[in-house]
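Morning, everyone. I have one structure to go through today, and I will take it a region at a time.

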Amino acid sequence: MGKILKDDKELGKLLLKESYISEDDLAEATKIAESSQNSLLKVLYDIDILNDDVLGQAMAEYYKVEYVDLDIRRPAVETVKEIPKGKAVDGRVVLVEKSDKKVLVTSDDPDAKKIQKDLKTTFKGKKIEVGYSLPSEIDKVLLYYRPSIKEQVKEVIEEDYDIAPRLLDIIFDEALKMNASDVHFEPTPEKVFVRFRIDGVLNKVLDLEQGHFSNVLNRIKVLSGMRIDEHFSSQDGALHYSKDNLDVDMRISIVPTLDGEKVVIRLLTAYVENLSMDNLGLSDYNKDLLERASKKPFGMIIVTGPTGSGKTTTLYSVIRVLNKPEVNITTIEDPVEYKVVGINQIQVNKQTDLTFAQGLRSIVRQDPDIILVGEIRDKETAEIGINAAMTGHLLLSTFHANDAATSIPRMVDMGVEPFLLASILEVVVGQRLVRKICNVCKVSDSVKIKELKDKHNHDMKKFFDGSSVTLFKGKGCEACDHTGYDGRTAIFEFIEITPEITELILDNPSTSDIWKLARKQGARSMFEDGIEKAKSGITTIEEILRVTEPPKYE
């Protein structure tokens, strides 16, 4: 996030004056900021006192203008480009709306008189109203003016100097601007495809000549500490990339294929500043359940799902609520994905034999109140974690299972004693990530239930009332790169470990036994949670069926 005001003192005064934070909140955040050498703004986000909406409203009041949330009121590309590129980028001004008599523009530095003067000739005869938007929101929209990645790469190759470093910079920069989670370099006999995973889906963005890729590959190997003369064995490495106030750790994996070495790079943004339970996609009931479980002095919260389903993000949203100066929170992860002020984070290191199990043993001797274990992979880690939870610690962890109900039999199969598991488990969460419909090009459509059954090969009658339903979709526009989707949210299923389920666990139950009892007690499947989000216009039926299916056990 860009600098909001000239210093922390001014920001604190503003938030206090407008009653967005209390004096106690400010004193606590200032103390943490000074001790950790972080900005007050970052600390306020980290300890969950501030979020984008609150900050945007406060800054708008400071500038005495309207707050324009560009994530909600995202203008179309053709609208934005009515302001010439020079004026828009240099002045950080975005056109939001235009009518016959007036226009609304927004900026993260809304000097109304200057902006009105600069745009007077662009919008002749119209009243120019000026609003405020956060720097991160302005940055997203100004990307509309950037040349395509293909145009940038073509220019570098034509200039013919320092090609590999510049190509890699362009690819990394574009991946970060597009919020990609992974970058793939995939060799074929003729070309190398460059693909970005955006919102969970791979998109091809570029073809590279084999010769250029060879040089890029060597640069990746050098930067990540790999051997450049090794071409027939897999290699793993890591590098740190910094640009425009953004720090990103990258995990590199290279494997040999028939057509050359394939590279996959995972992008791990070092600091997340708007991570809270409020923006995960939790229903009010599930949010309340998770908050109640996380406030218990000891016990175990497990989040299940495949790789890339947002499990760690969910756990960190819990950590942020619990993160107080009087609480000792320690994590062990592989890798550390989010860096948060005020908690102790340990990175698994196989070379020094710092495994999840070994690290967890050491953490228990560090007087923790709350422990986060990145993943329970084996019986040893599970048993140490359970013992920690039984001796007065709250333990949060992830586990690979298809759904919440399956995780309990799988842990028992791993060798965990059912009576130990039953005694400390508080809640099990299953989740998947689905893409959200683009707000810019969202349209509604009345659909007959029979058509849904024919189209998706699933009986949808029990999930909808009546013979037809109004659903939503994105038509596709430049704001969402013509996909119809922009961003992701999660769909969840929660199993609260009630006394009845505790008794059931002691009998070594099957997945269906657990789910049937949880169902009787009000549990809702991921599919049903997704259907509710489709009805609300957040996502589509297609997205829900891409990641899950109707529950098998009723």
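Which residues in helix 9 meet which residues in helix 10? Before I answer, note that this is a predicted model. On the helix 9 side we have Ile149, Gln152, Val153, Val156, Ile157 and Glu159. On the helix 10 side they meet Ile163, Arg166, Leu167, Ile170, Ile171 and Glu174.

Now the geometry of that pair. Helix 9 runs over residues 149-159 and helix 10 over residues 163-177. Their axes come within 10 Å and cross at roughly 170°. Angles over 145 degrees count as roughly antiparallel, so helix 9 is roughly antiparallel to helix 10. Sorted by class, the residues in this contact are eight nonpolar, three charged and one polar.

Next, helix 11, residues 210-223.

Moving to Arg73. Where is Arg73 placed? Arg73 sits in the loop between strand 1, residues 66-67, and helix 5, residues 77-80. Leaving aside residues up to four places away in sequence, Arg73 touches Glu66, Val68, Val96, Glu97 and Leu104. With Glu66 there is also a polar contact, side chain to side chain, at 2.8 Å. As for Glu97, that residue is 24 residues from Arg73 in sequence, and the two C-alpha atoms are 9.2 Å apart.

Last stop, Pro409, which lies in helix 16, residues 404-414. Is Pro409 buried or exposed? The relative accessible area of Pro409 is 12%, and the cut-off for buried is under 20%, so Pro409 is buried. Again setting aside residues up to four places away in sequence, Pro409 touches Pro509, Ser510, Thr511 and Ile514. Ile505 is 96 residues from Pro409 in sequence, with 8.5 Å between their C-alpha atoms.

That is what I have. Questions, please.

Note on methods. Residues numbered from 1 in each chain as written. Predicted model: local features only at pLDDT ≥ 70, side-chain atom pairs only at ≥ 80, totals over all residues. Heavy atoms only, no water. Helix = DSSP H or I, 4+ residues; strand = E, 2+ residues; numbered from the N terminus. Expected span 1.5 Å × (residues − 1). Contact = heavy atoms within 4.5 Å. Polar contact = N/O pair within 3.5 Å; in protein donor to acceptor, adjacent residues only side chain to side chain. Axes fitted to C-alpha atoms, helices over the stretch in contact; angles between N-to-C directions. Parallel < 35°, antiparallel > 145°, perpendicular 65-115°, else oblique. Nonpolar A, V, L, I, M, F, W, Y, C, P; charged D, E, K, R; others polar. Buried < 20%, exposed > 50% of the residue type's maximum accessible area, 1.4 Å probe, protein only.
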